Amino acid sequence: MPAIRRLASSLFAPAFALVALSSLAGCDESNPSFFAPACPALDIPGSAADQFVYDGKSADIGSLVSHAQIASLSGDCERGPDGPHGHQTVRTRLSLAMNLTRGPAATSSTIDVPYFIVIMRDGKIVDKKVFTDSFRFPANVSTQSVRTNLRLIDLPATDNMTQENPYTLEIGYQLTHGELGYNREHLAPVAFHSHTQ
């Protein structure tokens with residue numbers, strides 16, 4: 001599975017922040033003759049890769065409560081449990097690495113970060129899962145790198161599990177309309193390009 005490079009910068013990121021995606025395809029070590037199933041394609045919509053939270057007074061740095069930015073996505077695939085009708089499944093395990101900033105307007109040492117995983121097939125949304133992970137900042141620390149809890153997504157397998165997976169997973173922050181509008185208005189367009197590791 002390719003790595004993903006994030007092109008374009010946000011207000012708090014270097015011009016070329018590398019977004020690495022570790023290999024999502026591997027082998028079942030307990031059975032060397034069994035290859036891991038093909039993983040779904042992954043997509044991080046550029047407009048959902050940052051979350052700026054303000055205190056409602058203004059949208060300047062003094063009113064910033066928090067900023068979350070996706071830094072990397074890692075995971076793998078394995079044969080999943082049998083489905084309700086005995087069909088095979090592919091289990092995808094995912095975890096996001098993020099850079100978090102606690103802004104001057106923050107009133108808590110904890111930041112709650114909501115993010116989604118959308119399951120798509122043939123360009124249509126099949127399901128959507130929303131998760132929220134909480135991260136505590138030590139005293140006198142305003143930025144830190146964190147990783148979300150491991151999330152498991154089970155999908156129906158094709159007849160030949162090593163063939164191309166027909167599903168796509170989209171991952172990003174669960175933004176309010178105002179937060180999404182802010183990203184579209186204030187941030188340079190972000191594109192994620194893959195390359196083989």
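**Exercise 1. Find which side chain D133 meets in a salt bridge, and state where the two partners lie.**

Step 1. The side chains of D133 and R151 come together in a salt bridge, with 2.5 Å from N to O; the term stands for a side-chain nitrogen of Lys or Arg within 4 Å of a carboxyl oxygen of Asp or Glu.

Step 2. This pair ties together distant parts of the chain, since D133 belongs to strand β8 (residues 124-136) and R151 to strand β10, 18 residues apart. Helices (H or I, at least four residues) and strands (E, at least two) are DSSP runs, numbered from the N terminus.

Step 3. Both D133 and R151 are buried, where buried means under 20% relative accessible area, exposed over 50%, and partly exposed in between (1.4 Å probe, protein chains only).

A note on the model: it is predicted, so that local features need pLDDT of at least 70 and side-chain atom pairs count only at pLDDT 80 or more, while totals for chains, interfaces and linings use all residues. Residues are numbered from 1 along each chain as its sequence is written, and side-chain values use heavy atoms, with hydrogens and water left out.

**Exercise 2. Give the number of salt bridges in the structure, and describe the ones formed by R93 and R91.**

Step 1. The structure contains 5 salt bridges.

Step 2. In one of them, the side chain of R93 meets that of D76 at 2.5 Å, N to O. The partners come from distant parts of the chain, with R93 in strand β6 and D76 in strand β5, 17 residues apart.

Step 3. R93 has a relative accessible area of 26% and is partly exposed, and D76, at 25% relative accessibility, also counts as partly exposed.

Step 4. In another, the side chains of R91 and D154 meet at 2.8 Å, N to O. Here too the pair links distant parts of the chain, R91 lying in strand β6 and D154 in strand β10, 63 residues apart.

Step 5. R91 counts as partly exposed at 21% relative accessibility, and D154 is partly exposed as well, with a relative accessible area of 36%.

**Exercise 3. Work out which strands pair with β6, and whether β6 is enclosed or open.**

Step 1. Two strands are said to pair if DSSP finds at least two bridges between them. Between β5 and β6, which run antiparallel, there are 13 bridges, and Q69 stands opposite N99 in β6.

Step 2. With strand β10 (residues 151-156), β6 pairs in the antiparallel sense over 6 bridges; in this pairing R93 stands opposite L152 in β10.

Step 3. With strand β9 (residues 143-147), β6 pairs in the antiparallel sense over 5 bridges, and the bridge partner of N99 in β9 is S145.

Step 4. Of the 14 residues of strand β6 (residues 89-102), 10 are buried, so the strand is largely enclosed by the rest of the structure.

**Exercise 4. Locate the disulfide, and decide whether its cysteines are buried or exposed.**

Step 1. The structure holds 1 disulfide, a term that means a pair of cysteine sulfur atoms within 2.5 Å.

Step 2. The disulfide is formed by C39 and C77, whose sulfur atoms are 2.1 Å apart. It links distant parts of the chain: C39 sits in the loop between β2 (18-19) and β3 (41-43), while C77 sits in strand β5 (residues 64-79), and the two are 38 residues apart.

Step 3. C39 is buried, with a relative accessible area of 12%, and C77 is buried too, with a relative accessible area of 5%.

**Exercise 5. Describe the surroundings of N183.**

Step 1. N183 lies in helix α1 (residues 177-186) and is buried, with a relative accessible area of 4%.

Step 2. Leaving aside neighbours within four places in sequence, N183 is in contact (heavy atoms within 4.5 Å) with S47, D50, F52 and L175.

Step 3. The C-alpha atoms of N183 and F52 are separated by 8.1 Å, although these residues are 131 apart along the chain.

**Exercise 6. Summarise the protein as a whole: how many helices and strands does it have, and what share of its residues is buried?**

Step 1. The protein has 1 helix and 12 strands, which follow the pattern β-β-β-β-β-β-β-β-β-β-β-α-β along the sequence.

Step 2. Of its 197 residues, 42% are buried.

Step 3. Among contacts between residues at least 6 apart in sequence, 67% join residues at least 24 apart.
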